[in-house]
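My entries follow in the order I looked things up.

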Amino acid sequence: MSEFTKALESHLEAVRERDIEAFSSFLHPSHNSIVILPNGTKLEGYEDILGFHKEWFKDTDWRMDVQTLDVFSVDYVGYALLDVTYHDIDQEGKPYTMSYYLSLLFEKIDDRWILLRDQNTLR
């Protein structure tokens, strides 16, 4: 397993476990990271992304099933394409499911893999 694949698995585990501290280790305060949610909402920068995830991680109703479709890394850049099935409960208490592709781009900075882009595309 490559160093990047290990980092990717750690990142996904932080999300699954709702571990904000572990998740934040993949963010860099001075890099302009971008997350685009399945509904098209764009989160930009450390504070925006971290704030969203702090709130999201408080919700215990959701779970994600993730299948890796493609992983690629060279020196200081890593990319992953994932197939995600997301399960949650809406505001009326009804279960729902979303299926989407999740594209992740990381850069290796000072021996850390930093999330640069996180694009969610409904399918």
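**Entry 1: helix H1.** I asked which residues of H1 are buried. In this predicted model, I listed Phe4, Ala7, Leu8, His11, Leu12, Ala14 and Val15 as the buried residues of H1. They cover an arc of only 155 degrees around the axis, which puts them on the same side of H1. I then looked up what these buried residues pack against: helix H2 (20-24), helix H3 (46-58), and strands S3 (63-74), S4 (77-89), S5 (95-109) and S6 (112-122).

I also checked the length of H1, which runs over residues 3-16. At 1.5 Å a residue, its 14 residues should span 20 Å, and the end C-alpha atoms are 20 Å apart, which agrees. Just after H1, I noted that arginine 18 has a positive phi of about 55 degrees.

**Entry 2: histidine 11.** Leaving aside neighbours within four places in sequence, I found histidine 11 in contact with Phe23, Phe26, Leu104, Phe106 and Leu115.

**Entry 3: the ring pair.** Two of those contacts, Phe26 and Phe106, made me look at aromatic pairs. I counted 11 aromatic pairs in the structure. A pair of aromatic rings is described by the distance of the centres and the angle of the planes. For phenylalanine 26 and phenylalanine 106 I noted 6.2 Å centre to centre and 80 degrees between the planes, an edge-to-face pair. Phenylalanine 26 lies in the loop between H2 and strand S1 (34-36), and phenylalanine 106 lies in strand S5, so the pair ties together parts that are 80 residues apart in sequence. Phenylalanine 26 counts as buried at 9% relative accessibility, and phenylalanine 106 counts as buried at 1%.

I also wrote down a cluster linked by ring pairs: Phe23, Phe52, Trp56, Phe57, Trp62, Tyr86 and Tyr96.

**Entry 4: charges over rings.** I went back to arginine 18, whose charged end sits over the ring of tryptophan 62, 3.9 Å from its centre. I found another case at arginine 123, with its charged end over the ring of tyrosine 101, 5.4 Å from the centre.

**Entry 5: the nonpolar core.** Which residues touch the most other members of the largest nonpolar core? I found Met64, Leu104 and Phe106, in a core of 28 residues. H1, H3, S4, S5 and S6 are the elements that give two or more residues to this core. The largest share, 6 residues, comes from H1.

Not counting residues up to four places away in sequence, methionine 64 touches Val15, Arg16, Trp56, Val84, Thr85, Tyr86 and Tyr100.

**Entry 6: helix H3.** I repeated the length check on H3: it has 13 residues and reaches 18 Å from first C-alpha to last, close to the 18 Å expected at 1.5 Å a residue. Its buried residues are Ile49, Leu50, His53, Trp56 and Phe57. They cover an arc of only 130 degrees around the axis, which puts them on the same side of H3. The face turned away from that buried side carries the exposed residues Glu47 and Lys58. I listed H1, H2, S1, strand S2 (42-44), S3 and S4 as what the buried residues of H3 pack against.

Last, I looked at glycine 51, which is found in helix H3. Glycine 51 counts as partly exposed at 32% relative accessibility.

Key:
Residues numbered from 1 in each chain as written. Predicted model: local features only at pLDDT ≥ 70, side-chain atom pairs only at ≥ 80, totals over all residues. Heavy atoms only, no water. Helix = DSSP H or I, 4+ residues; strand = E, 2+ residues; numbered from the N terminus. Expected span 1.5 Å × (residues − 1). Buried < 20%, exposed > 50% of the residue type's maximum accessible area, 1.4 Å probe, protein only. Arc of directions from axis to C-beta. Contact = heavy atoms within 4.5 Å. Core = buried A, V, L, I, M, F, W, Y, C linked by side-chain atoms within 4.5 Å. Phe/Tyr/Trp six-rings, centres within 6.5 Å; stacked < 30°, edge-to-face > 60°. Lys NZ or Arg CZ within 6 Å of the ring centre and 35° of its normal.
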